[in-house]
Amino acid sequence: MKKFPILVVVLLFLATFTNAQSKLYNTLIKGGRVIDAKNNINALMDVAIKDGKIAKVAQNIDAAQAEQVVNAKGMYVTPGLIDVHAHVFWGTQPNSYLSNGDVGVTADGFSFRSGVTTMVDCGGPGYKSFDTFKKNIIDKSQTRILAFLNIVGEGMRGGDYEQDVSDMDVNLAAKAALDNKEHVVGFKLAHFTNPDWTPVERIVAAGKLANMPVIIDFGGGKLPIEDLFFKYLRPGDIYTHVFTELERRDPIVDLQTRQLRPFVIPAQKRGIIFDVGFGGGSFNFNQAIPAIKAGFLPDLMGTDLHTGSMNGSMKDQLNVLSIHLAMGMNLQSVIERSTWRPAQAIKRTELGHLSEGAIADIVVLSLRQGKFGFRDIAMNRQEGTQKLECEMTIKGGKIMYDLNAIASPIAK
Amino acid sequence: MKRISFLLLSGFIMFAVFAQAQTKTYSILIKGGHVIDAKNNINELMDVAIQNGKIAAVAKNIDPSLAAQIVDAKGMYVTPGLIDLHAHVFAGTDDRGLSGGFSALAPDPYTFRSGVTTVVDCGGAGWQSFDRFKKNIIDRSRTRVLSFLNIVGDGMRGNPYEQDINDMDAKKAADKALANKDIVVGFKLAHFAAASWVPVERVVEAGKLADMPVIIDFGGDNTHAPLSIEKLFTQYLRPGDIYTHVYTELVQRDPVVDLKTRQLKPFLIPAQKRGIIFDVGFGGGSFNFNQAIPSIKAGFLPNTMGTDLHTGSMNGAMKDQLNVLSIFLSMGMDIQGVISRSTWAPAQAIKRPELGNLSVGSGADVAILTVRNGNFAFRDIAGNRNEGKQRFECEMTIRNGRIVYDLNAIASTSAQSK
């Protein structure tokens with residue numbers, strides 16, 4: 001007789017289990033405005049998730065069909081953001097900068113609370129350190145971590161390492177990339193200071209061997225970017241830190257006339273992809289505002305996240321998007337440039353959209369109204385009236401972050 | 001020639017700017033904010049001036065022309081930099097959990113954006129691993145990092161290491177603590193599973209040897225009835241010792257609120273009066289509304305607001321220090337109450353009375369916070385939901401007189417701001 005309650009418990013459990021199983025959807029995001037650039041959606045829609053995938057995107061999906069409902073009324077629902085320019089190869093190796101050193105950050109602490117589900121490490125590891133990167137970072141992170149492999153074998157270790165042309169081995173870099181195609185999406189060249197085209201030639205050769213794009217941080221050689229865009233890079237290759245104004249870098253906005261230089265839009269039309277790569281020293285309103293006014297928008301909204309940018313003007317992915325809103329870009333445009341465009345740029349077209357059957361990487365965002373202020377890396381100030389805030393991040397159908405407890409009931 | 005004149009010119013300009021900044025009485029003036037400084041019993045509109053990394057003046061209507069840089073804090077709260085006395089920042093890439101492993105986090109990404117200027121690592125390092133902790137984390141962080149040294153020599157490495165009573169050497173722990181008095185503020189015992197009081201005795205012995213407090217995560221497991229917290233508070237701990245995870249409701253732990261009557265147990269407030277300090281230590285599994293709400297209603301408030309920050313709590317119900325404070329606002333505590341419990345109260349608990357206040361002459365660690373009004377909601381670790389009307393946001397953090405975070409660019413630009 002005493003056993004009777006256990007029976008009840010078992011029955012109840014079975015009933016609940018059956019009930020959950022019989023629901024069409026695991027999670028239903030209701031009432032939000034969906035922005036999905038690939039599918040050309042910018043409308044009030046519900047999004048249903050089943051087994052880690054997008055099951056349905058439609059108006060007025062019945063809440064009774066879902067085990068869990070997320071109330072996204074007044075919010076935006078977009079694909080999980082893709083940051084193509086992060087530095088997450090954190091480690092304790094002395095003097096190792098962004099390659100297993102202490103200037104990188106841990107991915108999961110920045111990604112989900114900022115709506116990001118995929119981060120591309122931008123040149124931290126080279127072919128020599130990729131295995132450590134995989135073991136310590138990729139395998140330990142909940143964020144999807146991809147990599148632009150540094151053309152320098154030692155990776156982004158700073159100082160002399162990155163100046164060593166003899167450590168830029170095209171074949172070994174391409175081989176490591178192809179051996180790790182699941183994670184490597186291209187190659188990075190950065191911080192090279194001599195006026196010498198050899199590193200650019202090497203990295204593009206690696207890109208050709210592996211059939212992958214390259215991303216260029218155009219160091220300090222003051223080589224002409226026009227030549228870079230038209231003589232060296234291929235369509236699909238990426239130029240980052242596009243709005244930098246530094247003494248050592250050839251800028252896109254002429255320093256005298258303050259006009260966008262005439263070859264930049266043609267370069268973009270040719271297929272060169274331009275990434276923000278905000279970072280700790282690579283974003284100036286003096287470049288960005290005239291460029292945007294002239295109709296030149298960045299293609300990608302990479303953060304260049306590292307310890308030197310995380311607490312400065314950059315802060316996080318959503319702050320970078322909000323800064324671009326403050327300069328007059330619209331919401332649809334900044335979302336597209338941090339979802340579907342980066343997915344295409346890294347040739348991961350399974351990401352960055354909400355097509356039925358796609359991986360359920362989703363972010364729910366609020367667009368807060370108010371008076372906000374932003375800075376560039378020269379401490380110039382720009383006011384804005386809108387700021388994006390992350391309400392919820394879902395990766396592979398799983399809620400990774402829920403700021404205001406908008407999911408109900410929560411999965412145990 | 002061109003280069004020389006450029007250098008000369010820029011040198012001259014720099015000198016002029018520098019000289020101007022030098023001639024000002026204050027490097028930074030925070031104007032128009034509502035100061036909450038529990039130590040000095042201030043809870044009103046005041047300006048705060050900083051010079052040479054120290055608080056130079058706290059007064060009404062300080063003349064802005066005296067300052068090189070102005071921070072517009074109108075409508076905001078100005079408080080001492082927050083002290084999180086329960087964080088796990090001994091990050092590393094070895095398979096060592098919270099002691100140089102992947103479960104811990106380097107502090108700077110989580111502190112300044114949440115108003116925190118000091119974290120106390122809560123038992124990550126033991127005496128054997130402290131030097132590595134210092135080299136890899138403490139010396140490389142801009143956040144002030146202090147330490148509760150684990151009574152386990154190998155630190156918070158997980159099991160079986162944390163169950164090894166042989167590695168709980170009070171003398172060696174105390175020696176290490178005293179040799180690093182500038183960083184170590186006490187001792188931690190955590191996660192011990194068996195029904196034995198020996199680990200508690202060892203940690204308190206270390207505390208007596210070093211004249212430092214201990215902080216207890218009162219482990220337990222499912223193989224035995226939980227050890228009595230009443231006994232812990234009355235027979236083992238000293239006034240000034242800390243009990244963390246105070247609002248946990250776990251099978252293996254003796255709770256502060258009786259599970260049947262849902263009333264606060266009668267010995268809690270007397271224990272607090274006796275001087276036992278109660279820390280929130282929210283973490284990934286240690287905060288339940290079912291414990292906290294009845295406690296607060298019964299007048300039993302936590303003494304300190306530790307987060308128990310680690311990879312398992314940062315994206316969950318806990319999130320960050322300001323979210324923890326906001327949760328306590330949602331349960332009815334007031335702004336002054338939660339701020340004092342994350343500034344002056346923890347400073348006293350760790351015997352660092354030079355921290356957690358804005359007295360003239362103290363180090364200029366300052367947080368500027370907004371209390372945003374709206375409809376917000378929070379969870380505990382069991383998934384229960386509590387609604388709130390207020391949420392703290394960090395507008396600015398100043399560490400040692402330097403602006404280390406400025407969310408909305410509220411500081412005027414100046415020569416010193418870069």
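Where in chain B does B:Pro107 lie? The legends below start there, and the model they describe is a predicted one.

**View 1. B:Pro107 sits in a loop of chain B.** The loop in question runs between strand E6 (82–87) and H2 of chain B. Is B:Pro107 buried or exposed? The cut-off for calling a residue buried is 20 or more other C-beta atoms within 10 Å. B:Pro107 has 27 C-beta neighbours inside 10 Å, so it counts as buried. Set aside its neighbours within four places in sequence, and B:Pro107 is still in contact with B:Ala87, B:Val89, B:Val119, B:Ser141, B:Thr143 and B:Val145. As for B:Thr304, it is 197 residues apart from B:Pro107 along the chain, and their C-alpha atoms are separated by 19 Å.

**View 2. Here is where chain B touches chain A.** Chain B puts 28 residues into the contact, and chain A puts in 26 residues. On the chain B side, the elements giving two or more residues are helix H2 (108–111), strand E13 (366–379) and strand E15 (402–406). Which of them gives the most? That would be E13(B), with four residues. Sort the chain B side by residue type and you get 13 nonpolar, nine polar and six charged. For the complex, the predictor gives an ipTM of 0.93 and a pTM of 0.94.

**View 3. Helix H3 of chain A covers residues 170–179 and has four alanines among its buried residues: A:Ala173, A:Ala174, A:Ala176 and A:Ala177.** Why do they line one face of the helix? Looking down the axis of H3(A), the buried residues fall within an arc of 160°, so they share one face. As a general rule, an α-helix has 3.6 residues a turn, so residues three or four places apart point the same way. Over on the other side of H3(A), A:Asn171 and A:Asp179 are exposed. And what covers the buried residues? The cover includes helix H2 (130–138), strand E10 (144–150), strand E11 (184–189) and helix H4 (198–210), which belong to chain A.

**View 4. Five strands of chain A make an open sheet.** Read across, the order is E5-E4-E1-E6-E18, with mixed pairing. Strands E5 (53–58) and E18 (407–408) of chain A stand at the edges with a single partner strand each, so one side of each has no neighbour in the sheet. Further in, how many bridges join E1 to E6 of chain A? Five of them do, linking residues 25–30 of E1 to residues 66–71 of E6, and the two strands run parallel. For a handy landmark, find A:Tyr25, which stands opposite A:Ala66 in E6(A).

**View 5. Zooming out, chain A has 10 helices and 18 strands.** Its radius of gyration is 23 Å, close to the 22 Å that the globule rule gives for 412 residues, so chain A is as compact as a globular protein of that length. Along the principal axes, the C-alpha atoms of chain A fill a box of roughly 85 × 45 × 35 Å. Buried residues account for 56% of the 412 residues in chain A. Of the contacts in chain A between residues at least 6 apart in sequence, 74% join residues at least 24 apart.

View 6. Chain B as a whole averages a pLDDT of 94, and 94% of its residues score at least 70.

Conventions. Residues numbered from 1 in each chain as written. Chains lettered and ligands numbered in written order. Predicted model: local features only at pLDDT ≥ 70, side-chain atom pairs only at ≥ 80, totals over all residues. Buried ≥ 20, exposed ≤ 12 C-beta atoms within 10 Å, placed from the backbone. Arc of directions from axis to C-beta. Contact = placed C-beta atoms within 7 Å. Nonpolar A, V, L, I, M, F, W, Y, C, P; charged D, E, K, R; others polar. Pairing = 2+ DSSP bridges. pLDDT = per-residue confidence, 0-100. Rg over C-alpha atoms; globule rule 2.2 N^0.38 Å.
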